Amino acid sequence: MSDVKYKRILLKLSGEALAGSKKTGIDDDVVREITSKVKEVADLGVEVAIVVGGGNFWRGRSSEKMDRVTADHMGMLATLMNALSLSDALEQHGAITRVLSAVEIRQMAEPYIRKRAVRHLEKGRIVIFACGTGNPYFSTDTGAALRATEIGADVFMKATMVDGVYDKDPHVYDDAVRYEKVSHDEVLKSNLKVMDATAAALCRDNHTKILVFSMEDPDNIVKIVKGANLGTLVE
């Protein structure tokens with residue numbers, strides 16, 4: 001453990017990250033690459049929890065005509081499919097995993113209980129949280145912020161397709177400036193698009209550090225845990 005920066009992490013992955021170039025569904029090669037790096041981190045002695053989105057299958061906003069609660073419930077089920085995929089891939093790499101769901105689906109996942117989740121982590125198991133908070137109208141980012149706070153994660157690592165937080169959209173503006181470090185208050189005040197305001201405020205109020213980094217290179221997960229100065233730290 002002496003060569004790692006964090007003892008316990010919460011890694012937030014988007015559903016789209018699992019789809020790779022396919023954009024939808026699951027790309028097995030991409031999932032294997034990501035999970036090999038997560039297993040490498042766990043082998044360093046780091047306690048790893050994961051929250052994964054479901055956007056590669058379904059988003060609550062996918063249908064304008066559907067009742068929002070029903071649509072969000074479908075999105076939660078999409079996150080469970082991704083969680084099971086990650087669990088399977090990690091176990092093929094030799095890891096021991098547990099999928100904990102905020103919605104009771106006992107045949108597929110354990111019900112989420114905070115003390116149970118922490119105990120799994122302490123035993124070296126990789127814990128994958130599914131179904132967000134179990135409530136509609138809350139994003140997966142909010143679910144991740146909540147879980148990171150509940151388990152006392154040293155850092156909430158939010159994987160994105162950009163290499164940090166910028167003062168404006170780097171895909172639109174060539175002069176966009178990346179922050180190395182920024183406060184929670186500045187994220188909310190300037191609407192920096194790190195995550196939705198509910199998730200950002202939850203992290204601020206509970207002093208949860210957020211590290212926004214690029215998943216274009218999955219090895220960044222390992223580099224950050226080992227202390228590399230990548231992405232943007234929000235604290």
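Predicted model: local features only at pLDDT ≥ 70, side-chain atom pairs only at ≥ 80, totals over all residues.

Visitor: Is C131 buried or exposed?
Guide: The cut-off for buried is under 20% relative accessible area. C131 has 2% relative accessibility, so C131 counts as buried.

Visitor: What is the phi of C131?
Guide: C131 is not a glycine, yet its phi is positive. The value for C131 is about 70°.

Visitor: How many disulfides does the structure hold?
Guide: C203 is buried, with a relative accessible area of 0%, and C131 counts as buried too, at 2%. A disulfide would need a pair of cysteine sulfur atoms within 2.5 Å. The number of disulfides in the structure is zero.

Visitor: Which backbone oxygen does the side chain of S101 reach?
Guide: S101 lies in strand β3, residues 97-101, and counts as buried at 2% relative accessibility. Leaving aside neighbours within four places in sequence, its contacts include Y112, A130 and C131. At 2.5 Å, the side chain of S101 reaches the backbone oxygen of V103.

Visitor: How far apart in space are L84 and V99, C-alpha to C-alpha?
Guide: L84 is found in helix α3 and is partly exposed, with a relative accessible area of 32%. Beyond its neighbours within four places in sequence, L84 is in contact with V99 and M108. L84 and V99 are 15 residues apart in sequence, and their C-alpha distance is 7.1 Å.

Visitor: At what angle do helix α2 and helix α3 pack?
Guide: Helix α2 covers residues 28-43 and helix α3 covers residues 68-92. Their axes are 9 Å apart, and α2 passes α3 in a right-handed crossing. The packing angle is about 65°.

Visitor: How do the residues of the contact of α2 with α3 divide into nonpolar, polar and charged?
Guide: From α2 come V31, T35, V38 and K39, which meet S85, L86, A89 and L90 in α3. The residues of this contact divide into five nonpolar, two polar and one charged.

Visitor: Is H207 buried or exposed?
Guide: H207 lies in the loop between α7 (197-205) and β10 (210-214), and has a positive phi of about 55° although it is not a glycine. Exposed means over 50% relative accessible area. With a relative accessible area of 71%, H207 is exposed.

Conventions. Residues numbered from 1 in each chain as written. Heavy atoms only, no water. Buried < 20%, exposed > 50% of the residue type's maximum accessible area, 1.4 Å probe, protein only. Axes fitted to C-alpha atoms, helices over the stretch in contact; angles between N-to-C directions. Helix = DSSP H or I, 4+ residues; strand = E, 2+ residues; numbered from the N terminus. Left-handed = near helix turned anticlockwise from the far one by under 90°. Contact = heavy atoms within 4.5 Å. Nonpolar A, V, L, I, M, F, W, Y, C, P; charged D, E, K, R; others polar. Polar contact = N/O pair within 3.5 Å; in protein donor to acceptor, adjacent residues only side chain to side chain.
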